[in-house]
Each structure stands twice: as C-alpha cells, then as structure tokens.
Amino acid sequence: MSRRLYSAVMFVLVSALGGVLVAGLAVPSVGVAAELAKAGALTVRALPREVETPPPAEGSTVYMADGSVLTTFFNENRVYVPLSEISETMRQAQIAVEDQRFYHHGALDLKGTLRALVRTSSGNTQGGSTLTQQYVKLALIDKAVADNDKEALAAARDRTFSRKLLELRYAIALEDKLTKDEILERYLNLAYYGAGAYGVEAAARRYFGIAASELNLAQSAMLAGLVRNPVTTDPIRYEKLALERRNNVLDVMLGQGAITAHQAEQAKAEGFDRSRVTETPNGCVSSEFPHLCSVVEKTLLQMPSLGGGTTAAEKAAAGRLLKRGGLVIKTEIDPRTQRAAQEAVSKYVYPTDPVIGLMTMIEPGTGLIKAVAQSRSEIGDGPGQSYWNYAMESNLGGAEGLKGGSTYKMFVLAAALAKGFPTSRSYEAPAARGWGGERFRTCDGVYVADRDWSVRGVGGHFDMYSGAANSVNNYFVALQQDVGLCEVTQMARTLGLNILPLKKKDGSKETLDESWNSAQVASFTLGAREASPISLANAYATIAARGVRCDPIILSAVSNKEGREYEVPSANCRQVIPAEIADRVTDILRGPFQSGTARAANIPGYNIAGKTGTDTGTPTIWTVGFTPQLVGAATLTVDPKADRYKYLKPENRSLTGAPVRNGTARLSGSSGGEAGAGIWKPAMAAALAGLPRGQFVKPTPIKVATVDLPSCSGLNDCRQQLRDAGFGVTISKVTNSAPEGTFLGMNPKGRAPQYSTVRLLVSSGPAAPPSSSSSSSSSSSSSSSPEPQNTPRPGREGNE
C-alpha cells in the first residue's frame, strides 16, 4: 500500500473511530461525541512545523582558542546526533520496550490504540501510543517550553481523548512525510533519560562517559528502561531500581528474539560503574574561569544577531537561543595566558583577604581580551566569592570603577606630543607645591584649582623622560596646565579610556559628554576619575599598537549546526593618533621599567613600557605595562566593603598595612613593588614565554622650528605671554646683586625652539658673605646660575 493511500485510509479510520467506539464498545456517547467535536476541524495533513523538524532544544558550547571547552549553556543537556551515530543495540532496546512493531505498522497500532482510547475516554488514562505518537507528544512539549507558552504546554500534556486523537492525526501525517529511521532518530534525541540528560548522546556521556555510538547491550538496555520513569530509575540515585529495570528490558528483548539467552546473561552480569559518571558543565559557575566566562555570556546576551540587547526582554530572548539553539561559540581565550594571570593573582592575594587583586590582559591591535583574573575567582556570595567582575565595564558585570592614579599621566604625555611639545619640555618641580587659584584651560572655559589644593611628590628639574620615569606629580600638573585640560581629556577618550559617569544633583547619571566635561579638573593627571581596568588596559593597548585603537572583544565566531553565522561584536580597529606620536609615548614610558617606579617589575630580555599609579590615600595601586604583543594591567585595591574588616574603616581605605595571604603578609602600598613585582611580572613572564620578543619602533627625530620669543616685561607678563605662545615656563632663582625678587630676564633670549621651556630668571639677592669656615671653592660657586637637573631631589611621592 502506498504511503498516500495509507494516510487516506488512516484518515477515514480515525474519522470513523468515534462512531466505532460509540456503537461497538459501549463508550458513553455524549462524552465521545464532545471529544470528537473538539478535534473534528483538523485535517490529517495539518502538521505543525515543530513536529516535522528536529527539536531546537540543544545546548550551546563555548570553545577557547585551543579548542578546549570553556563551558556549555543549556536548559536541557542535549547533543543531537544522527541515527548512524547511535549504536544498533540502543535502537533495538528502545524499540523493544516502546514499540516492538515500529517498523511493521503505520502511525496507528490499532489494537493498542483502541484499548487506550476506550479507557481514556472513561477517565482511566492508559498508554498504547506508538513510538511515532510518543515523539509527536514530546515535540509539542519541547516547542511549548521553547516558546515559554504555558497554555501550549498544558495542552501538550493533556491526556484527554481529543488530545490523543489530535496526536494520532499528527502521527499519521508525520509518517507520510518522514521515514521510520528519521522518526526514530528524532525520538532518541528528544527523549528524557534522567539526571538532566536529554537525548541518548547526552545520556551516554552522563552515565557511562562514552558516545552513543559506543553503547553496549547492557548500557543500551539501561537507557531504554529509563524513558518511562527517568526520575525514579536514575542509576546515579537509584542504582538497584535501574538495574532491575535494565534486566526487565533485557528479558523483553530476549522474549522478542532480539538477543540470545547468552547475551542477556552476560549483560545482566554487568554492574553500574559510578566512576564513569560525568557532569556536563552548565553556565559559568562550573567553568574553570568563571568570571571570564561571564564576560562571554553577557556579551552573547547583548548581541543583536541573537535577538539580544540591553533590555531585560532582549537578554531573555538571546538567553533562550543560547540555551536551546545548539550554538557553536568560538573565542580567542588562551587558557595558558588566563591560567598564568590567575595563578599570579591567587598566589599574591587570597580570596578572603580584605584586598582584591586583578590582572587584565589585552592584545594590542586586535582588541582580543586575553585574560581577566581576580583574587575572588569563584562566582557567588560566599566567603571569598563575588558576583562582580572587577576588571570589566558595568554592562559586562563590572563593579564600581577604580581611580587610575599616575597611570593617567600617559594621557598628558600623548596630548603634549600631539600638540607639538618636544620631549625636552622641562619644569622645575618642587617636592610640594600649592596650586590653589591656578587656572587650567578647558574645552569651554577655565578651571580654577581649589584654594587649598596642593600636590606632593618627587622634587627636581625634569623633562618628559625623567618626569615619567620618576612619576613626578608636579611636573605633570605643570605640563597638563600648558597642554590644556580639554586636549588631555580628549586624548584619553580618543585612546579608549571610559570614565564612569558621576551622579548629578537630581540623582540621575551624567551623559557621556557631561562626564568628560566634569573630568576636566586639575587632578585628572593624577587619576582623579574612576575607570574600569579593562578600559585603562585598552587605552594603553592603543599606544602599544602604534595608535590603532580597538574595542575590547572576546568572541571570534558564533554559528549553529546548520551553518548559520551570527554577527559578533567587532573590534572596530582604527588609527586614532599618528603612529609616530604613539612610538614616542612608548619610548618615554620605557623609563619606569628601566630605572623608575616599575623597575621591580621589569622582565629581563623584553622590551617593556608602561606606568605605575597610586590613588591618593593608597586605596588602589597599579602597574600597567606592555610589550608589542601584550598589555597587562595589575591592580590591588581595598575591598569596596571595607567596613567588614576590623582593621579597615570606610574612612581610612588604605592598602598600607593591609593583610594579605590570610594575614601572613602585609602590603606597603608600593605600586611597582607589589602590583608590579607581585602580580604583573609573574603573570606577564608566563604569558610571554614562547612568544616572539617583539621590538618597539624607534621614534623618528622631531624637527623643531626656532621661533621668536614674545616681547614682554616683568615676571607675570612674560610668564603669561610665553604660556599663551605655547612655551613652557620655569622660574629659576639666581644669586644676583639686585634685590631679591627682581626679574632679570629670560634664558634663552630672543629666539627659542618652539614649545620648548624658557627659564625666567629672578634674583634671590646678593650672595651671603662667606663664613670663616667656608672654603674659597664653595664661595666662588655660589654666584653661578643653577643648571637644570634630570635627577630627583628627595621628597615623598604621593602618586607613583
């Protein structure tokens, strides 16, 4: 009989079934007629798409760069496999207990179905469905769950007469469209086998640690026996019942002639090996790298190509696809680099310490996030755990930002060089200076420093190289003043820094533009505004990539098993500053690692540049360093909930004296010696091992024009005119016969290199008469003019 003829016959049979039941089997006619009326409008070919096609409910897998699995996401742990990848014994066992004549009858096994329908219409539900009918029911339930459709789910689980009749009609239509093998394949991939395993492949891995293609007779019989009561016969929890059920299946197979008595005996002799039970990771909590995994997950939930976005509804839609769409998610996460970062952090700061340690790594020129490690490496709210990903932006799980300290001096350097200032731009930087009332140009006016604002640090006469190496606070405040706050903050924004918006008086948050306007304060160069570690690392990556800025990314590709590609966030790499400017910043920033504040973190044999930073009061310290291949930002910061620790009060959040490693050590607050040598150095050394030792590009010489100096008179007039013309100004007191405070002139006179520093000479008065104990040599040297020195004078360094 042809399939079309068979379908027609079945349609007539099903349509007449109600009459047969009423007339021949003494079923209450009113009840049956009512049930038939509910389903009567449906035709035999009204087949829902979800019944005809494979089930969508398959988990997604996230792969790292080396092909290893970071985690899986699923509501139902399922791995869809073709029938050819399911062992023959598994197919036989499932058919034996569910539908012995599956390959010999159509959708309707008339005798069993009539018996079931009679008893169901009388209120006594009973099985009797064919394997095809069972698949229809499972497919409808699966689709309702996928759509979060409670009404459809209730209808799919309904066991009334009309529902069974509807499922039968669907089954008849299905057998007209699919082969028996195709139906069996779908059934074996959709059925629930207990212990969270959906489908035979997931079940084989869960209980036996093997693929479905490797299942032997005993294992196949056990799985086949689970389908009817997967909760109460789960061998992990109910081993005895599971073995009894397995033996029953073997007896059924023996009775049907599917296996021999010897095969049955051997299979029954096998026990259940618990050592082979596997747990499939689900979500980020069970991942080796939970917080890095969380970055992946949150990125996926915000991808428009997955239906995601920033709203709760959009994230929920993407989440459903993530957990049911069978996505293949590829990242560029290097597990070796991530392990190196995590090991370095975990050795230096323990999870329950009142200090949080971080290491963030990013690849210059690509934006690829290579590592995100933190001392509280587990996700949760228990001791030593955290839901916050302290390195990331808030939309990716980040907490409050951290002030960058002197790492922000890099932005002043870049802005100064972009404006044409030579690296020889020098200033006399006292160890302590009051800046109250000083004026700093902004984008739309002037910022006047608070009357009591003063800055302390290293004292001496410095240019860009020595000022950066020694992280001289007053040098950079002076340089920032001459460059302009507008240029400095715009450079920071251009390079990729994302500062956190402040709250306004009305309780709302600043817009992005408002945030950058409010950041134009004199203390910006000292790291006065909060930013995430990944943002600061990325800004330095722009310098390392010779002016090419990329947005941080973590995904390389997302697709499904049908080959559909989903668009992933782009790094959007573009040249934002000239390469020669970035090269010169890099050259200057080699100083801190060679002989300056980061020298304790230097790795011999590598070209390294970067900067240290300490927030005022030492609640946070940094070492940000880079090679041509990798940028790393190491951070130590006081736990934001400092009041939970006895030694720390919220008003005194300082790392100085803070206990780490369960109280076996205490911090001093040294950015280069602790964040640098303690975390940055071991993490970067391990990550760089095996990579080519790249070379920085040597900056090209700057050709500086010589220009006329402005005509001026008097100290204040000359100072202002010189600064307006772009010159640096430093005031030098010299011994002179003129009264103290007398303006003596400029050095050089007449003409000078553009944007260079001009010394204004002021008399300190006549030399003091030599004492009787003074030597003639010291007396003769007292009248000479002091020369600029690139060595620091002793002083307390406030911001490294």
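This is a predicted model: local features need pLDDT of at least 70, side-chain atom pairs count only at pLDDT 80 or more; totals for chains, interfaces and linings use all residues.
Pro748 sits in the loop that runs between strand S25 (743–747) and strand S26 (751–753).

- Most residues other than glycine have a negative phi, and most peptide bonds are trans.
- Ser471 is not a glycine, yet its phi is positive, at about 50°.
- You'll find Ser471 in the loop between helix H18 (464–469) and H19, and Ser471 counts as buried because its relative accessible area is 0%.
- Asn572 also isn't a glycine and has a positive phi of about 50°.
- The loop that holds Asn572 lies between S16 and strand S17 (574–575); with 42% relative accessibility, Asn572 counts as partly exposed.

**The overall build**

- The protein has 800 residues, and 53% of them are buried.
- Its secondary structure comes to 27 helices and 28 strands.
- Take the contacts between residues at least 6 apart in sequence: 71% of them join residues at least 24 apart.

**The nonpolar cores**

- In soluble globular proteins, nonpolar side chains tend to be buried together.
- Here the largest nonpolar core has 99 residues, and Phe411, Leu479 and Leu497 have the most contacts inside it.
- There's also a second, separate core of 59 residues, with Ile95, Ala139, Leu140 and Ile210 among them.
- Back to Leu479: setting aside residues up to four places away in sequence, Leu479 touches Val412, Ala416, Phe421, Arg425, Tyr427 and Met464.

- Rolling a probe the size of a water molecule over the atoms shows where empty space is left.
- The second largest pocket has a volume of about 850 Å³.
- Its lining is made of 43 residues, and Lys403, Gly527, Ala528, Glu530 and Asp615 are the ones nearest its centre.
- Sorted by class, that lining holds 13 nonpolar, 19 polar and 11 charged residues.
- Strand S6 (402–403), strand S11 (454–456) and helix H21 (512–518) each give at least two residues to the lining.
- S11 supplies the largest share, which is 3 residues.

**Two buried residues with polar side-chain contacts**

- Asn473 is in helix H19 (residues 473–483), and counts as buried because its relative accessibility is 0%.
- A polar atom of the Asn473 side chain lies 2.7 Å from the backbone oxygen of Arg456.
- Thr623 belongs to strand S19 (residues 620–626), and at 0% relative accessibility Thr623 is buried too.
- A polar atom of the Thr623 side chain is 3.3 Å from the backbone nitrogen of Gly676.
- Beyond its neighbours within four places in sequence, Thr623 is in contact with a list of residues that includes Phe593, Lys611, Thr612, Gly632, Ala633 and Ala634.
- Ser671, Gly672, Ala675, Gly676 and Trp680 are also among the contacts of Thr623.

- Leaving out neighbours within four places in sequence, Glu565 is in contact with Val558 and Ser559.
- Glu565 and Leu327 are 238 residues apart in sequence, while their C-alpha atoms are 9.6 Å apart in space.

Notes
Residues are numbered from 1 along each chain as its sequence is written. Side-chain values use heavy atoms; hydrogens and water are left out. On a 1 Å grid over the protein atoms alone, a cavity is a set of points where a 1.4 Å probe fits but cannot get out, and a pocket is an open set with protein on both sides within 12 Å along at least five of seven lines; lining residues have an atom within 4 Å of a point. Grid points are joined across faces, edges and corners, and a volume is the space filled by probe spheres set on the points. Helices (H or I, at least four residues) and strands (E, at least two) are DSSP runs, numbered from the N terminus. Ala, Val, Leu, Ile, Met, Phe, Trp, Tyr, Cys and Pro count as nonpolar, Asp, Glu, Lys and Arg as charged, and the others, Gly among them, as polar. Buried means under 20% relative accessible area, exposed over 50%, partly exposed in between (1.4 Å probe, protein chains only). A polar contact is a pair of N or O atoms within 3.5 Å; within protein, one must be able to donate a hydrogen and the other to accept it, and residues adjacent in sequence count only if both atoms are side-chain atoms. Contact means heavy atoms within 4.5 Å. A nonpolar core is a set of buried Ala, Val, Leu, Ile, Met, Phe, Trp, Tyr and Cys residues joined through side-chain atoms within 4.5 Å.
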